[in-house]
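Here's a quick briefing to read alongside the coordinates. Have the viewer open, and we'll go topic by topic.

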Amino acid sequence: MDGDETHMSIRLRVNGEWRELRAEPRVSLLDALRERLGLTGTKKGCNQGACGACTVLLDGERVNACLTLAVQAQGREVTTIEGLATGDALHPLQAAFVACDGLQCGYCTPGQLCSALGMVREFQRGLPSAVTAEVQSGRPAWSTEEIRERLSGNLCRCGAYNGIVEAVHQTFQAEVAR
Amino acid sequence: MKNFSYVSADSVGGALAAIGRTPGAKFLGGGTNLVDLMREGIEQPDALVDVSNLSTQIDDRADGGLRIGAGVKNTAVAGHAVVRERFPVLSQAILLGASGQIRNMATVGGNLMQRTRCHYFYDDAARCNKRQSGAGCDAVGGFNRIHAVLGASEHCVATHPSDMCVALAALDATVHVEGQQGARRIPLLDFHRLPGDTPQIDTTLRPDELIMAVELPPLPFGANSRYRKVRDRASYAFALVSVAAALAVEDGRVAHARLALGGVAHKPWRALEAERVLLGAAATTATFRQAAEAELRHATGLAHNAFKIELARRTIVAVLDQLAGRGGPR
């Protein structure tokens, strides 16, 4: 197959702004963001769903952009790392990553941040995790053990995990306790 | 990745018509396994029919059972209040699988259709009877630490990678499917196959059939159930061995028992021999050991995976002990 008839029109709302592109169905959301829309903040690590560097929020839920076809995101809301700050003002979680040394080379950081934001939403609606003591009832308790388990889909080869967990813990502790 | 055409189905009829008129078409759920396999060139469909917007409901049945739509995301199943309360083994199995991101993408139907994670299946320079019938198997004499110890054949020693399906096997789930020739129900235990001499066929689903839902029959003792997964790291890894179990003890004896194993066979392995030993016997560690022994009696190890046999025995005993009210958490 070749030629333009194999291309599809794809409309995405990226960081609050409607964007359109034409792409073959085989183009991943990750490649669409990076190569077609110029949003290179989202990183390509393993390109097979194992490292989490490409994590973005799709309608508010964290997903691996490398395993998502761009056409599957048709008409949906995509939030990438570029959508977190307000002008020059960092998102509180971004500021906490800086303050807590939650990064070294920075390659996994956009995925870590998007993953953490999606994870907090999951936590707030009461979703248990594999380390939640009582899966049958009640809400999970906010802890570093829960954060580590819930962020296990994001690898950091620099090993900045302690800083990452601390940044997430500090940023959301008050919010999730409410 | 080879290019393909894509259509998003807005009805079951539309999905079945699309798959029927397009040779080489496949259904697409969350894509977490299929897209990866397509990128590796292992799967090469000419067309994808996206069915992820169909059958997205979980219906609570008056009899205590549950009907889970094939398009429901894994996260939604694990977090569903009724699943957590009546079938905690299913919540735990899903939460111990993959990562948060993947669970948000993966559907129930797609989870059932996962293909093996055998390294030789994924490596198109290796021989694999599952990829290419009659090619031979490089796993049998290769690095086979993650491979099967039960129900394997000389043609294929691959394991089924799903955690969810192991819980479904213990829960006696039924898979509802629909095709051009009508609807049918396939017991979960008959849905996946043992390899025999046709390892290229993973399931009994026909190519033109669509998974509609998974039905869980009521299980009065389902609340006393759990899933334990043993793996090489504490999170985000496939099972070496896993155990799904539910247990009812009355007057010190096993009144009801359900037991299934993951990571050990080409399909989720329902441990019926162990269940026969358990039923009516004293709910003691000694009984649990006998049950585990009975189930693993026919297991055979390859060069690198024989450890799974003892690991499965011990994990069975640990989970049953815990369900009987002994032993530590998790």
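**Chain B at a glance**

Chain B's secondary structure comes to 13 helices and 12 strands; helices (H or I, at least four residues) and strands (E, at least two) are DSSP runs, numbered from the N terminus. Keep in mind that this is a predicted model, in which local features need pLDDT of at least 70, side-chain atom pairs count only at pLDDT 80 or more, and totals for chains, interfaces and linings use all residues. Residues are numbered from 1 along each chain as its sequence is written, while chains are lettered from A and ligands numbered from 1 in the order in which they are written.

**Overall shape of chain B**

- A compact globule of 330 residues would have a radius of gyration near 20 Å, and chain B agrees with its 19 Å; the radius is taken over C-alpha atoms, and the globule rule is 2.2 Å times the number of residues to the power 0.38.
- Along the principal axes, the C-alpha atoms of chain B fill a box of roughly 60 × 50 × 35 Å.
- Of the 330 residues in chain B, 55% count as buried (20 or more other C-beta atoms within 10 Å of the residue's own; exposed is 12 or fewer, partly exposed is in between, and C-beta atoms are placed from the backbone).
- Among chain B contacts with a separation of 6 or more, 63% link residues 24 or more positions apart; a contact means that the C-beta atoms, placed from the backbone, lie within 7 Å.

**Strand β11 and its partners**

- Strand β11 (residues 253-262) of chain B is mostly covered, with 7 of its 10 residues buried.
- Strand β10 (residues 241-250) of chain B runs antiparallel to β11(B), joined by 9 bridges; strands pair if DSSP finds at least two bridges between them.
- Val249(B) sits opposite Val254(B) in β11(B).
- The β10(B)–β11(B) hairpin has 2 residues between its strands, and Asp251(B) in the turn has a positive phi of about 50°.
- β11(B) also pairs with strand β12 (residues 269-270) of chain B, antiparallel over 2 bridges, and Leu261(B) stands opposite Trp269(B) in β12(B).
- In the β11(B)–β12(B) hairpin there are 6 residues between the strands, and Gly263(B) in the turn has a positive phi of about 80°.

**A covered helix**

- Helix α5 (residues 88-95) of chain B has 8 of its 8 residues buried, including Pro88(B), Gln92(B) and Leu95(B).
- Elements covering the buried residues of α5(B) include α3 (74-79), α9 (164-170) and β10 of chain B.

**Where the chains meet**

- The contact takes 34 residues from chain A and 30 residues from chain B.
- On chain A's side, β4 (61-64), α3 (109-124) and α4 (144-150) of chain A each supply at least two residues, and β4(A) has the largest share, 4 residues.
- The chain A side that touches chain B divides into 13 nonpolar, 14 polar and 7 charged.

Definitions and conventions: Two residues are in contact if their C-beta atoms, placed from the backbone, lie within 7 Å. Ala, Val, Leu, Ile, Met, Phe, Trp, Tyr, Cys and Pro count as nonpolar, Asp, Glu, Lys and Arg as charged, and the others, Gly among them, as polar.
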